[in-house]
Amino acid sequence: MRITDTSDQWWKTAVIYCLDVETFYDSDGDGIGDLPGLGERLDYLAELGVTCVWLMPFYPSPQRDDGYDVMDFYSVDPRVGTSGDLVEVIRTAHDRGLRVIADLLVNHTSDQHPWFKESRRSKDSPKRDWYVWRADAPPDTSDQVVFPDQEEGIWTLDDKTGEWYLHHFYEHQPDLNVANPDVQDEIARVTGYWLELGLDGFRVDAVPFFVEDVDTGGPDAVLEPHELLKNLRAFINRRNGSAIMLGEVNLPHKLQREYFGGDAGDELHMMFDFIGMQKLYLSLAREDARPLAKALNDRPPIHRSCQWATFVRNHDELTLDKLTDKEREEVFAAFGPEPEMQIYGRGLKRRLPPMLGGDPRRIRMAYSLLFSLPGTPTLFYGEEIGMGEDLAGEGRMAVRTPMQWSDGPTGGFSTASPRKLVRRTAPDGYAPEHVNVVAQRADPDSLWSFMRHLVQTYRACPELGWGELSVLPQPDKQVLAHACSTDDAGVVALHNFGPNPVTVSVDLSELPGWASWSASGDVVLTDLLSAGEVAPRDGSLEVALDGYGFRWLRVRPAGDLRIP
């Protein structure tokens, strides 16, 4: 570790927990989760070990896209509370050492937003250029739509003025013209407003769409696309030096590096590792670690202040768009063979435990891998107890079911009757009577207890956030062996993707730092997830793994006083 690697760059070693306020906890019995309810559950998140809460959209919205169609960026949807309630949630979170970030949705608005209503009123409207319009009929753009089963193109004719407006997403979500300096200023004001209310940053939605559309503003738009992100980051960090932008950027590695700001590292602070996630599922399907190993090796070098956000599941479709058609079919066959399990022909609408057939060995191995990968682990609410999905839910709604706090027909989410819930709870074997927080917190062998142990272990290993990655060669394709090491410490993680036991041989002498660690004498490896130590012999190590087994081993000189 370097002396400059300090806690002000908290995102390097955070544990992020994404939740939807309306499905987390209902405090007033109307069937809809709310901000006061979230406030009551912050102690639970602190106990789990979470360090950052990511809030899905809570803004006023017609709710045609689960809140991602915003009609007021400066307020809170009255269904979930008030701005005062949000401030109280943030204050309470900060009291418990939790940071809070929220979705920043600046690619588009709802068509019910006052800005768009003004823009479509007349070609001479002062807000006309706040959105992207064209007078000539567009070409076929069916290959550019985000939701191919819902939209036929990315331009829609507006009858009022006879021109077409741009929308990469739904027709009711017109794209903002972020090339317009007035729009850029308004985006900055939005971020500044929420930072003043206490937010610690933003998860930035659909980043490539609005960045690459900067050039649609005509001859007066002289801003180079990535300058928008540079300027926004600079503004946010002037307002709050430790605030972050966590970007949704599902692009090839080379382009991802550009969104970090390249060598300067002056654009996004963090970015989701979509490629690693997709290759993880291919490795799980094949019981072959090599696709994931290659994805890790292919990660581009990034600025030291930037970070990858790793995840097994998020709030969206589980996209597989970066796999080949053949690879995608392999994952579908393994984890989503029925049409109702798939979405848009490119992803899955399932959670991990049902995909793995409820096998606790595979589930725990997957989450052990998540927390041991270099980066910042990100959980989607309910993952810590192994919640399932509701395949009857439309599209992405399948995984956005109410949080299951206890048994009973509403899972302790609300005192309202089940028919009044904002969404029904997961059915069948993953219903609340089978999967809930209360039962698992009382069980030391539960998934919740295991996940809490993983979180605490990860937080005791800063090298997982700051260290240099080494993917260690393995003759057995079912084994992933990797290490994250700094100048004075290292963690070696071993994961068996297959059902058969295996003995893993690892050459530690090639690890960065090994020479200095071993120079002072014997080196021991402490088992971080269970008791005991392992002693390497001449720089080599042999470890037995059960089927779907895993080990975390901290490398340190014998007699080192650091807490293992």
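This is a predicted model: local features need pLDDT of at least 70, side-chain atom pairs count only at pLDDT 80 or more; totals for chains, interfaces and linings use all residues.
1. Helix H13 spans residues 360-372 and helix H15 spans residues 447-459. The two pack at an angle of about 20°, and their axes lie 10 Å apart. Because angles under 35 degrees count as roughly parallel, H13 is described as roughly parallel to H15. The crossing of H13 past H15 is right-handed.

2. On the H13 side, the contact is made by Ile363, Arg364, Tyr367, Ser368 and Phe371. These residues meet Leu447, Phe450, Met451, Leu454, Val455 and Tyr458 of H15. Sorted by class, the contact of H13 with H15 comprises nine nonpolar residues, one polar residue and one charged residue.

3. Strand E5 (residues 155-158) is paired with strand E6 (residues 163-166) in the antiparallel sense, over four bridges. Trp155 has Leu166 in E6 as its bridge partner. Four residues separate E5 from E6 in the hairpin that they form. In the turn, Gly162 has a positive phi of about 75°.

4. A further element is an open sheet of three strands, in the order E11-E13-E12, with antiparallel pairing. Strands E11 (318-319) and E12 (342-343) stand at the edges; each has a single partner strand, so one side of each is left without a neighbour in the sheet.

5. Within this sheet, E12 pairs with strand E13 (residues 347-348) in the antiparallel sense over two bridges. Ile343 stands opposite Gly347 in E13. As background, strands of a sheet pair through backbone hydrogen bonds, in either a parallel or an antiparallel manner.

Conventions
Residues are numbered from 1 along each chain as its sequence is written. Side-chain values use heavy atoms; hydrogens and water are left out. Axes are lines fitted to C-alpha atoms, for helices over the stretch in contact, and angles run from 0 to 180 degrees between N-to-C directions. Angles under 35 degrees count as roughly parallel, over 145 as roughly antiparallel, 65 to 115 as roughly perpendicular and the rest as oblique. A crossing is left-handed if the near helix is turned anticlockwise from the far one by less than a right angle, and right-handed if clockwise. Contact means heavy atoms within 4.5 Å. Ala, Val, Leu, Ile, Met, Phe, Trp, Tyr, Cys and Pro count as nonpolar, Asp, Glu, Lys and Arg as charged, and the others, Gly among them, as polar. Two strands pair if DSSP finds at least two bridges between them.
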